[in-house]
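Good morning, colleagues. I shall present one structure today and ask you to keep it on the screen while I speak.

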Amino acid sequence: MLSSPTLLWLGPRLGLDTQTTMELLCLVGALLSLAAVLMEAFRDSLVFFCLWALYLSLYQVGQVFLYFQWDNLLLETGFLCILVAPLTLIRGSRAVREHDRVTFWLIRWLLFRLMFASGVVKLTSRCPTWWGLTAVTYHYETQCIPTPLAWFAHQLPVWWQKLSVVGTFVIEIPVPFLFFSPLRRLRLGAFYMQVLLQVLIIMSGNYNFFNLLTMVLCLSLLDDQHVNFWLRKTDESNNENRDSRWLSWLCYLLELLVWSLLICGTILCFDLQVDTTKKSISSRTAFTYHQFNSFLKSVTIPCVWIGVLSLTWEMVTSMFRCACVSGFWKRFGRMMQWTVFAAASAAMFAVSLVGGGESRIKQKLEKLKVPFTYIEFDSNARLWPGVRQAYEAVDRYQLVNSYGLFRRMTGVGGRPEVVIEGSSDGVAWTEIEFMYKPGNLSASPPVLTPHQPRLDWQMWFAALGPHTQAPWFTSLMHRLLQGKRDVIELIQTDVSKYPFQQQPPAFLRAHRYRYWFTELKADGSYPQRWWRRVYDEEFYPVVHLGSSFLEGMLNQYGLKDKSSPRRISNTTLAQAVRWVRSQVRGVPAPALIWTLLACSATFCLLRGLHAKNNPTERSSSSAEKTSDHTDGADVCSSDHLEEKHETEEEDEEDGANTEDEAEKSEKNNIGEDEDEDEENDEKLDERFK
């Protein structure tokens, strides 16, 4: 459990085999997630801890099928949610805590690491397509699973594709520095630019939940004022001093200066020029690799210090809020909470600077990403050794990770694609078509978000090299020859569409093809097919059950069945898991996911409408939040109120020289109290609404 932390070790104690235990973990995680969506009380730290532990348990055994950067991102985000989410089930309140800004800052830091590293690695890889600004001209047709809109985006002119690469560099490299800007409008501008990039990626490619998760991280750039603007609510927390007009104008000038510098820097670095004759914008990379490397050396350590100063500011302001809480024991409790969460945030920040050791870089799939300070090696060498030791202690738990997407553009000479063929006699061959990956030239690209067909993705990676780099492919061929139903359903959920549903193929082979998107016809009409392809080479030779080549590969990779099949568990829990699987068998995964999402959204909408029509049901929760905020008022405000009451009493004593004046003063005070009570009642009603 210590060397490989996974809940699958508990399967035998429950009387379950490994496969059933994995399915049970998936079902429990799905139910907890659904409960958190539908019920606010389940959006709790303990629930997020359970979700993180469940996904980590599957990650530990998933091997290459779960070693994607978005799996690491989901684990890191899930762990941060443990720190951010309230302890409702124990504390019993969802009121704002003084240390919330400290833990929530970690989400913003994670977003910065993700976006900045993703932009930097594109240039540090020295990929000629990124440096030549032509990467997007290949991206749409060479990505793993494109969408139908990718075909139309591929038809755009080259100058527009190059301009898209320029926009990507701008959004991923300089704009993330605005995440830590004290000017809120700069952060909002950075938010909308990041969301725009993610939406465009979602429209043109199926990258499962990755872009949706990134958009969720972007919410850390917003504040309550802007969220209330979205929801069309009055912002009661807006304490902006409207009398200092000169300060507002100064902020406007600074924001204008920042955006002007960003635009001018983009024009100079990429030599943007408007060609009026061709009605286009020409662009090229106007800096060298050594100049960019020098830029990294000068900016990596300042990035760290920006993070240190920003986190320190959040800690100091939160500590001041805790110190101003009225009541000794309440103030002491808040300070203890602040100490724990501030220490945890500082530790997470320090460990994230390493974000991936040398052992990870040596792994096959880690070649596509770099730790934050490994962006520039000299900066990483200056890190305190204790930080590396702390990272090595928590590395197995995936608390922090390294990122860097689309480092190099593959498929420049055509998209490589592996096509498996089966035969019953070794003469007539039939292609085995997958549900999602390109194969059939006439089949339109699918829309799968947020689902990720893991086998289709691995087929894309396998096509980039020889089959010896993908040992699992030999096991796939072996199981197809055996006719194993679970494996067939990974290729076709509807088994009736599988060409060898009646009897497994006697022979199998695989060829590599080169695929391209089709082009518009000369007259501007659309072609009948989405793809065109050219034969490349043999990927896997002809094999059959018992063939020497297949047996040798199975023995070489340790995939040979050496032990007798385990007895199927018949416990009540195992039978329940198998029953659930039987109910969803044959249902496409995207349809199942979107059905759950649609039902959840409908339920939440109906509940919101019901609560709007019955505001009295929310009065108790609103009163609780109001009391929590009242308890959190600072000591300075209470002292000010006491001085005000003393002054009023002195005025009453001085003005009560006669009985008539005393009566008039008393009537005025009563009238003022009634006016204040009416105002307080109106404010309280507005809060309840």
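This is a predicted model: local features need pLDDT of at least 70, side-chain atom pairs count only at pLDDT 80 or more; totals for chains, interfaces and linings use all residues.

Strand 5 and strand 6 (residues 531-543) pair in the antiparallel sense over nine bridges. Here, two strands count as paired if DSSP finds at least two bridges between them. Helices (H or I, at least four residues) and strands (E, at least two) are DSSP runs, numbered from the N terminus. Within this pair, leucine 508 stands opposite valine 543 of strand 6.

Residues are numbered from 1 along each chain as its sequence is written, and side-chain values use heavy atoms, with hydrogens and water left out.

Strand 5 also pairs with strand 3 (residues 415-423), to which nine bridges join it in an antiparallel arrangement.

The open sheet has four strands in the order 4-3-5-6, with antiparallel pairing. Its edges are strand 4 (430-432) and strand 6, each of which pairs on one side only. From one strand to the next, the twist averages 35°.

Why is strand 5 described as largely enclosed by the rest of the structure? Nine of the eleven residues of strand 5 (residues 507-517) are buried, and therefore the strand is largely enclosed. Buried means under 20% relative accessible area, exposed means over 50%, and partly exposed lies in between, with a 1.4 Å probe and protein chains only.

**A pair of helices**

I turn now to helix packing. Helix 14 (residues 289-323) and helix 15 (residues 328-352) have axes that come within 9 Å and cross at roughly 170°. The axes are lines fitted to C-alpha atoms, for helices over the stretch in contact, and angles run from 0 to 180 degrees between N-to-C directions. Helix 14 and helix 15 are therefore roughly antiparallel to each other, a label used for angles over 145 degrees.

**Backbone details**

Most residues other than glycine have a negative phi, and most peptide bonds are trans. Threonine 449 and proline 450 are joined by a cis peptide bond, with omega about 5°; proline 450 is in the loop between strand 4 and helix 19 (454-462).

Arginine 126 has a positive phi of about 60° and is placed in the loop between helix 5 (100-124) and helix 6 (128-131). Lysine 279 likewise has a positive phi, of about 55°, and lies in the loop between strand 1 (273-275) and strand 2 (280-282). Is lysine 279 buried or exposed? Lysine 279 is exposed, with a relative accessible area of 71%.

**The whole chain**

The protein has 27 helices and six strands. Of its 689 residues, 42% count as buried.

Note on methods
Angles under 35 degrees count as roughly parallel, over 145 as roughly antiparallel, 65 to 115 as roughly perpendicular and the rest as oblique.
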